[in-house]
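I opened a notebook page for this chain. My notes follow in the order I looked things up.

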Amino acid sequence: MEAAAQRGVADITNIAVTGASLSRGASEVIALRQAGDAEGSAAAIEKLVPVFYEFRIQLEDATALELQEVSSLRTKADA
């Protein structure tokens, strides 16, 4: 059974994809800045803002799901 199919287990596939996108975007920002294109670098940063926001939401959702699972497991262990 895949982890994503298990109740209470966060699927980190989307988190990994979004994180990779952020990494590529950051590399682009750095390359533009190093090439002296401050305006292009600033524009690239602006394009990353919604991606970063989505990444943050994904992390918060996964964290909440994992904390719920911890609580559930503790309750079962205490029973």
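I counted two helices and zero strands in the chain. I took both from DSSP runs numbered from the N terminus, with helices as H or I of at least four residues and strands as E of at least two. This is a predicted model, where local features need pLDDT of at least 70, side-chain atom pairs count only at pLDDT 80 or more, and totals for chains, interfaces and linings use all residues. Residues are numbered from 1 along each chain as its sequence is written, and side-chain values use heavy atoms, with hydrogens and water left out.

**Helix pair**

How do H1 and H2 pack? I found H1 at residues 13–34 and H2 at residues 38–78, packed at an angle of about 160 degrees with axes 9 Å apart. The axes are lines fitted to C-alpha atoms, over the stretch in contact for helices, and the angles run from 0 to 180 degrees between N-to-C directions. H1 and H2 are therefore roughly antiparallel, a label for angles over 145 degrees. Their crossing is left-handed, meaning that the near helix is turned anticlockwise from the far one by less than a right angle.

Next I listed who meets whom. On the H1 side I noted Ile15, Thr18, Leu22 and Val29, among others; on the H2 side the list includes Leu48, Val51, Phe55 and Leu59. By class, this contact has 14 nonpolar, eight polar and two charged residues. Here Ala, Val, Leu, Ile, Met, Phe, Trp, Tyr, Cys and Pro count as nonpolar, Asp, Glu, Lys and Arg as charged, and the others, Gly among them, as polar.

**Two residues in H1**

Is threonine 18 buried or exposed? Threonine 18 lies in H1 and is buried, at 11% relative accessible area. Buried means under 20%, exposed over 50%, and partly exposed in between, with a 1.4 Å probe and protein chains only. Leaving aside neighbours within four places in sequence, threonine 18 is in contact (heavy atoms within 4.5 Å) with Val51, Phe55 and Gln58.

Arginine 24 also lies in H1. Arginine 24 counts as exposed, at 55% relative accessibility. I checked its C-alpha against that of leucine 48, 24 residues apart along the chain, and got 9.9 Å.

**Whole chain**

Buried residues make up 20% of the 79 residues. Of the contacts with a separation of 6 or more, 67% come from residues 24 or more positions apart.

Definitions and conventions:
Parallel < 35°, antiparallel > 145°, perpendicular 65-115°, else oblique.
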